[in-house]
Amino acid sequence: YPNPTQDWLHIHLEELSNNTSLEVYDVQGKLLESLALSDLEIQLDVSEYASGLYFIKLIGESNHTQIKKFIKI
């Protein structure tokens, strides 16, 4: 939240494993950011991103993945 956003995207995870990571992709599939996570609460600065649609890929244990989308305005 918030979605859409202008500056910061706040992400709350339900659980966190030792190898949880987050990747941000643009609509063309270009990897913009990759982070190893160590906390259930993440604040992602998206202020430098161009306006548009983006995808967040959360990768957990056993390569379990979730993909979420957000809009930068």
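In strand S3, leucine 31 is the bridge partner of tyrosine 25. This is a predicted model, where local features need pLDDT of at least 70, side-chain atom pairs count only at pLDDT 80 or more, and totals for chains, interfaces and linings use all residues. Residues are numbered from 1 along each chain as its sequence is written, and side-chain values use heavy atoms, leaving out hydrogens and water.

Five bridges join S2 to S3, and the two run antiparallel. Strands here are DSSP runs of E with at least two residues, numbered from the N terminus, and two of them pair if DSSP finds at least two bridges between them.

Let's zoom out to the sheet. It is open, with four strands in the order S3-S2-S5-S6 and antiparallel pairing. S3 and S6 stand at the edges with a single partner strand each, so one side of each has no neighbour in the sheet.

| Strand | Residues |
|---|---|
| S2 | 21-26 |
| S3 | 31-36 |
| S5 | 52-59 |
| S6 | 65-72 |

Now for the core, a set of buried (under 20% relative accessible area, 1.4 Å probe, protein chains only) Ala, Val, Leu, Ile, Met, Phe, Trp, Tyr and Cys residues joined through side-chain atoms within 4.5 Å. Of the 14 residues in the largest nonpolar core, Ile11, Leu22, Val24, Ile56 and Phe70 touch the most other members. S1, S2, S4 and S5 are the elements giving two or more residues to this core, and S5 gives the most, with three.

Technical notes
Buried < 20%, exposed > 50% of the residue type's maximum accessible area, 1.4 Å probe, protein only.
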